[in-house]
Amino acid sequence: MNTLSTFSYTRASLARMPAREQDSNKGTFGRVLCVCGSRGMAGAAYLCALAALRTGAGLVEILTPEVNLPIIQTLIPEAIVSTYDENEPSAQDIEKAVKRADTIVCGCGLGVSRSSLFVLSRVLHMSSVPTVLDADALNLVSRNPSLLKYCSGKILTPHPAEMSRLIRKEVDDVVSDPDTAAYEFAKKHSLVCVLKGHNSRVSNGSESIYVNASGNSALATAGSGDVLAGIIASILAQGKNGDMPIFEAACLGVYIHGLCGDVCAIRHGEYSTIASDIIAALPEVLKKANN
């Protein structure tokens, strides 16, 4: 393998955010579908969807089991909520939601049940728009590696343990050489890999690896990954007209997520930051975009 080169973003990179045209409506800024949540995991769907909205998506729809409907509608009235039977999900319900979306994020709190596998497989088969796979979507793919062929052209966001399961290597191997792990996985499966961790790596299988320079230990908190997935999906939705390549959207999303962590470290300290604090920092970070 050739020697891998690396690059990072700076605050000037916020100008890469899709422009906000004044002659616009909610459709202008894209529709994100969050296929997220399961019984007891409504919070993951909420965090992902709220992050997508706060990052600028015009509309967010959450597709989740029926049991989560009253919780999510109460938590986030700005989102549309569609549901499916957690025991017998309908392919038709999934297809309708997928067809409405400009961008999809799937996996946050989805669970790894038989029904969850059915939902993920339907999304992978039906989706023709930019798609982010996170959390339980990655666990399901690692348990069902035949699904990897449907991940081509998608963004996968594993942490080191999820990555180790996807590539069948020890976590220590991933952590000791994250550049190679991200590069080889992305290249082999023609996808974008966001390998999360300290100085997260993003690779699309080219020799140039993005190494994130923002963030701190405040981001090491439950739900932080759900927030990142929502941020990336929102950027993709806003760049739906083709002016935002998925690799660039992934790099920018990781950088913005890290900047939010930097804001949180000042506001709350690295010990006390929680996932909703990361979302609450988005307005301060994004005010600097396109200025």
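1. In which helix is the place of N139? The structure is a predicted model, and in it N139 belongs to helix α5, which comprises residues 136-143.

2. Is N139 buried or exposed? Its relative accessibility is 14%, so N139 counts as buried, the cut-off for that class being under 20%. The side chain of N139 forms a polar contact with the side chain of D136, at 3.1 Å. When neighbours within four places in sequence are left aside, the residues in contact with N139 are V112, E162 and R165.

3. Helix α4 runs over residues 114-126 and has 13 residues. From its first C-alpha to its last, α4 reaches 18 Å, close to the 18 Å expected at 1.5 Å a residue.

4. Buried positions in α4 are S115, S116, V119, L120, S121, V123 and L124. The cover over these buried residues includes the strands β2 (31-35), β4 (80-84), β5 (103-106) and β6 (131-133), together with the helices α3 (91-100) and α5.

5. T55 lies in the loop that links α1 (42-54) and β3 (59-65). With a relative accessibility of 3%, T55 counts as buried. Its side chain reaches the backbone oxygen of A51 at 2.7 Å.

6. Which residues is T55 in contact with, leaving aside its neighbours within four places in sequence? They are M17, I231, S234, I235, Q238, L282 and L286.

Note on methods
Residues are numbered from 1 along each chain as its sequence is written. This is a predicted model: local features need pLDDT of at least 70, side-chain atom pairs count only at pLDDT 80 or more; totals for chains, interfaces and linings use all residues. Side-chain values use heavy atoms; hydrogens and water are left out. Helices (H or I, at least four residues) and strands (E, at least two) are DSSP runs, numbered from the N terminus. Buried means under 20% relative accessible area, exposed over 50%, partly exposed in between (1.4 Å probe, protein chains only). A polar contact is a pair of N or O atoms within 3.5 Å; within protein, one must be able to donate a hydrogen and the other to accept it, and residues adjacent in sequence count only if both atoms are side-chain atoms. Contact means heavy atoms within 4.5 Å. The expected span of a helix is 1.5 Å times one less than its number of residues.
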